[in-house]
Amino acid sequence: MKKIFTLIVIINLIGMIIGCGTGTREATLTNNSIEKDRLEIIKEKAVITVAGPPKETPFFFINPETNEIDGIDADIITEIARRLGINKVEIKEATFANLLEKFNTDDSIDIAVGGIFITPESENIVVFTKPLYKESEAILVPRYSKINFMNDLKNAVVGVEKGTIFEDLAKKWKENNLIKEVLILDSTTELFNSISNGKIDAVLADSIIINHHLINEKDPLLRRLKDYTPELQGVMGIAVKKNDISLLNALNKTINDMKIDGTLRAILVKNGLDKNNMIGY
């Protein structure tokens, strides 16, 4: 009887040991199945998915000749991806007006770009990388327009792109009777088309966009309003979801490396920017 009792105790002890071992194994499996962060997933797939406006020239657009992404932000993202060992940049198109909203609600998108100003309002929605470059606004008018000074805009209809900081500036001008009316359009393409066909009298937009249009499109019928002092000075960055801290850190480190070795400056110069757009390099 004593031997039987001893045997039962031994069996129970073995069962407890096996049970503990199983529990440990299950705990290990559970820990291993913890969801990977976004940076790990991107590197495993070797693909980064970017939200951007498809026609936001010269920041981020699809080049019709190559069918590849092109522009300032596109070149920066392509170089960052290369340095992180990412082979492909995948695009998800969004209008500028709903860019950050689409980005935040679509978990398949990793980052967002397209000439995005870092503002307190946008920082409520996303986090940004270190600033890439800076710019202000400019005014575009028809070459033979009688608009030569800011005061001449009192009877003008001014076009702006929806969702940009220039929309708020134009509305403020209207409230202060500095312009006649504001026409809000969905893209820079619509802005240029509208001023060319006389639908609006002036365009208020990024100085980079306006300079690019005048230089690359060689439009003889448009000119920049020279007698104008910009009211806004902004910096641009890459938008990242607030929880993706490791991705943000990796982007910032790569951007810093690109500043140090001169690559970022070279990209900006290649795309027509100058010392007025540079930040600390």
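**Figure 1. The whole chain, for orientation.** Welcome to this predicted model. Among contacts with a separation of 6 or more, 73% are between residues 24 or more positions apart.

**Figure 2. The largest pocket and its lining.** Rolling a probe the size of a water molecule over the atoms shows where empty space is left. The largest pocket holds about 530 Å³ of space. It is lined by 25 residues, and those closest to its centre are Thr-119, Ser-122, Gly-163, Thr-164 and Ile-165. Two or more lining residues come from each of helix 4 (99-105), helix 5 (120-123), helix 6 (165-175) and strand 13 (233-236). Helix 6 gives the most, with four residues. If you sort the lining by class, you will find 10 nonpolar, eight polar and seven charged residues.

**Figure 3. Helix 3 against helix 9.** Two packed helices are described by the angle between their axes and the distance between the axes. For helix 3 (residues 72-83) and helix 9 (residues 245-260), the angle is about 105° and the axes are 10 Å apart. Angles of 65 to 115 degrees count as roughly perpendicular, and helix 3 and helix 9 are therefore roughly perpendicular to each other. On the helix 3 side, look for Ile-76, Glu-79, Ile-80 and Arg-83. Helix 9 meets them with Leu-251, Thr-254, Ile-255, Asp-257 and Met-258. Sorted by class, this contact has five nonpolar, one polar and three charged residues.

Figure 4. Most residues other than glycine have a negative phi, and most peptide bonds are trans. In this view, a cis peptide bond joins Thr-57 and Pro-58, with omega about 5°. Pro-58 sits in the loop between strand 2 (55-56) and strand 3 (60-63). Both Thr-57 and Pro-58 are touched by His-212, which also touches Glu-217, leaving aside residues up to four places away in sequence. His-212 belongs to helix 8 (residues 207-216). Its relative accessible area is 19%, so His-212 counts as buried, the cut-off being under 20%.

**Figure 5. Two loop residues with positive phi.** Neither residue shown here is a glycine: Asn-177 has a positive phi of about 60°, and Lys-218 has a positive phi of about 50°. You can find Asn-177 in the loop between helix 6 and strand 10 (181-185). Lys-218 lies in the loop between helix 8 and strand 12 (222-224). Exposed means a relative accessible area over 50%. Asn-177 is exposed because its value is 60%, and Lys-218 counts as exposed at 64%.

Figure 6. Lys-275 is placed in the segment after helix 10 (263-270). With 68% relative accessibility, Lys-275 counts as exposed. Lys-134 is 141 residues away from Lys-275 along the chain, and the C-alpha atoms of these two lysines are separated by 9.8 Å.

Note on methods: Residues are numbered from 1 along each chain as its sequence is written. This is a predicted model: local features need pLDDT of at least 70, side-chain atom pairs count only at pLDDT 80 or more; totals for chains, interfaces and linings use all residues. Side-chain values use heavy atoms; hydrogens and water are left out. On a 1 Å grid over the protein atoms alone, a cavity is a set of points where a 1.4 Å probe fits but cannot get out, and a pocket is an open set with protein on both sides within 12 Å along at least five of seven lines; lining residues have an atom within 4 Å of a point. Grid points are joined across faces, edges and corners, and a volume is the space filled by probe spheres set on the points. Ala, Val, Leu, Ile, Met, Phe, Trp, Tyr, Cys and Pro count as nonpolar, Asp, Glu, Lys and Arg as charged, and the others, Gly among them, as polar. Axes are lines fitted to C-alpha atoms, for helices over the stretch in contact, and angles run from 0 to 180 degrees between N-to-C directions. Angles under 35 degrees count as roughly parallel, over 145 as roughly antiparallel, 65 to 115 as roughly perpendicular and the rest as oblique. Contact means heavy atoms within 4.5 Å. Buried means under 20% relative accessible area, exposed over 50%, partly exposed in between (1.4 Å probe, protein chains only).
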